[in-house]
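Hi there,

Here is the structure I promised to pass on to you.

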Amino acid sequence: MTWRDDINSVRVTCPEDVRRAAEALHNFAVNTADMRVAPSHNIADKRTPVDADGSILALDVFGWEDKAQAWWKNTRIALNSPI
């Protein structure tokens with residue numbers, strides 16, 4: 001697989017592409033660096049990234065747990081410093 005294939009695998013052109021692209025990003029992160037992805041389309045936005053069916057990507061694709069203090073439930077994420 002070339003870098004162009006990698007880029008095209010995560011390209012989104014319509015809402016129905018989101019889940020496929022999220023799965024490709026997850027697989028790339030796990031397989032190349034043994035890392036887990038924590039995506040946000042805009043850290044200033046309170047909405048959690050979902051696919052076209054409304055499924056929460058953090059749970060269904062990226063493997064994060066559904067805890068009360070989960071990072072993806074934090075509506076103030078843009079105001080919290082990672083440092």
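In which helix does D60 lie? D60 lies in helix α3. Before I go further, a word on where the values come from: this is a predicted model, in which local features need pLDDT of at least 70 and side-chain atom pairs count only at pLDDT 80 or more, while totals for chains, interfaces and linings use all residues. Residues are numbered from 1 along each chain as its sequence is written, and side-chain values use heavy atoms, with hydrogens and water left out.

**The chain as a whole**

The chain has three helices and zero strands, so its elements run α-α-α from the N terminus on. Helices here are DSSP runs of H or I with at least four residues, strands are runs of E with at least two, and both are numbered from the N terminus. Along its principal axes, the C-alpha trace spans about 35 × 30 × 20 Å.

Of the 83 residues in the chain, 18% are buried. Buried means under 20% relative accessible area, exposed means over 50%, and partly exposed is in between, with a 1.4 Å probe and protein chains only. The chain exposes about 6,200 Å², and carbon and sulfur atoms supply 54% of that area (Shrake-Rupley method, 1.4 Å probe; for residues, only the protein chains shown count as cover).

As for contacts (heavy atoms within 4.5 Å), take those between residues at least 6 apart in sequence: 38% of them join residues at least 24 apart.

On charges, there are 10 positive and 12 negative side chains, and the centres of the two sets lie 8 Å apart. Lys and Arg count as positive and Asp and Glu as negative, with His and the chain ends not counted; each charge is placed at NZ of Lys, CZ of Arg, CG of Asp or CD of Glu.

Helix α2 covers residues 18-33. At 1.5 Å a residue, its 16 residues should span 22 Å, and the end C-alpha atoms are 22 Å apart, which agrees. The expected span is 1.5 Å times one less than the number of residues.

The buried residues of α2 are A21, A22, A24, H26 and A29. Two of these, A22 and A29, belong to the largest nonpolar core, along with V37, L57, V61 and F62, which makes six residues in all. A nonpolar core is a set of buried Ala, Val, Leu, Ile, Met, Phe, Trp, Tyr and Cys residues joined through side-chain atoms within 4.5 Å. In soluble globular proteins, nonpolar side chains tend to be buried together. Leaving out residues up to four places away in sequence, A22 touches L57, V61 and F62.

The C-alpha atoms of A24 and A70, 46 residues apart along the chain, are separated by 23 Å.

F28 is also in α2, but counts as partly exposed because its relative accessibility is 40%. Beyond its neighbours within four places in sequence, F28 is in contact with D6 and A33. Its C-alpha atom is 26 Å from that of K46, 18 residues apart along the chain.

**The loops**

D17 lies in the loop between α1 (3-9) and α2. Why does D17 count as buried? Because its relative accessibility is 15%.

After α2 comes D34, in the loop between α2 and α3 (57-60). D34 has a positive phi of about 50° although it is not a glycine. D34 is exposed, with a relative accessible area of 68%.

I43 lies in that loop between α2 and α3 as well, and is exposed at 51% relative accessible area. Setting aside residues up to four places away, I43 touches I77 and A78. The C-alpha atoms of I43 and F28, 15 residues apart along the chain, are separated by 22 Å.

**Back to D60**

At 42% relative accessibility, D60 counts as partly exposed. Not counting residues up to four places away in sequence, D60 touches R19 and S55. The C-alpha atoms of D60 and C14, 46 residues apart along the chain, are separated by 19 Å.

Best wishes
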